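Thanks for making the time this morning.

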Amino acid sequence: MEEDSGLIQQLSDWSEELLLRGLSQFSIRDTQLLEQLDANAQRLQMHFLHELISGVLEAGRKVALGEAQDERLLDQYCRLSQYVQLSVQSQN
């Protein structure tokens with residue numbers, strides 16, 4: 001259970017940081033971090049979270065490479081952020 005909440009907290013911290021930077025500032029560093037967090041989600045068998053992270057990764061890679069997919073990234077980011085915030089609230 002502690003691993004689950006640690007993973008959720010890392011995602012919460014990342015999502016707040018990205019919100020402050022702006023989605024257009026999504027970078028390769030974000031991709032690398034999300035890949036690590038996604039691997040942890042898969043290891044913990046958090047299938048829905050894996051699906052959400054994968055969506056952000058797919059859209060984020062396109063933004064980081066300069067392919068205009070800002071709307072898709074926004075949609076995927078919001079879905080992940082909402083899930084993370086609900087998870088944080090349920091842990092408290």
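This is a predicted model: local features need pLDDT of at least 70, side-chain atom pairs count only at pLDDT 80 or more; totals for chains, interfaces and linings use all residues.

Let me begin with Ile53, which, if we leave aside its neighbours within four places in sequence, is in contact with Leu11, Leu34, Leu37, Asp38, Ala41 and Leu80, where contact means heavy atoms within 4.5 Å. Residues are numbered from 1 along each chain as its sequence is written, and side-chain values use heavy atoms, with hydrogens and water left out.

Ile53 is one of the residues that touch the most other members of the largest nonpolar core, a group that also includes Leu11, Trp14, Phe26, Leu34, Leu49 and Leu80, and the core has 23 residues. By nonpolar core I mean a set of buried Ala, Val, Leu, Ile, Met, Phe, Trp, Tyr and Cys residues joined through side-chain atoms within 4.5 Å, and buried means under 20% relative accessible area, with a 1.4 Å probe and protein chains only. At least two residues of this core come from each of H1 (2–21), H2 (28–43), H3 (47–64) and H4 (70–91), helices being DSSP runs of H or I, at least four residues, numbered from the N terminus. The largest share, seven residues, is supplied by H3.

Leu49 also lies in H3, and it is buried, with a relative accessible area of 0%. Again leaving aside neighbours within four places in sequence, Leu49 is in contact with Leu7, Ile8, Leu11, Ala41, Leu80 and Tyr83.

Turning to H1, its buried residues are Leu7, Ile8, Leu11, Ser12, Trp14, Ser15 and Leu18, and these pack against H2, H3 and H4. After H1 comes Gly22, whose phi is positive, near 105°.

How do H1 and H4 cross, then? Their axes come within 9 Å and cross at roughly 130°, where axes are lines fitted to C-alpha atoms, for helices over the stretch in contact, and angles run from 0 to 180 degrees between N-to-C directions. The two helices are therefore oblique to each other, since angles under 35 degrees count as roughly parallel, over 145 as roughly antiparallel, 65 to 115 as roughly perpendicular and the rest as oblique. Among the residues that meet across this pair are Leu11 and Trp14 in H1, and Leu80 and Tyr83 in H4.

Methods. Buried means under 20% relative accessible area, exposed over 50%, partly exposed in between (1.4 Å probe, protein chains only).
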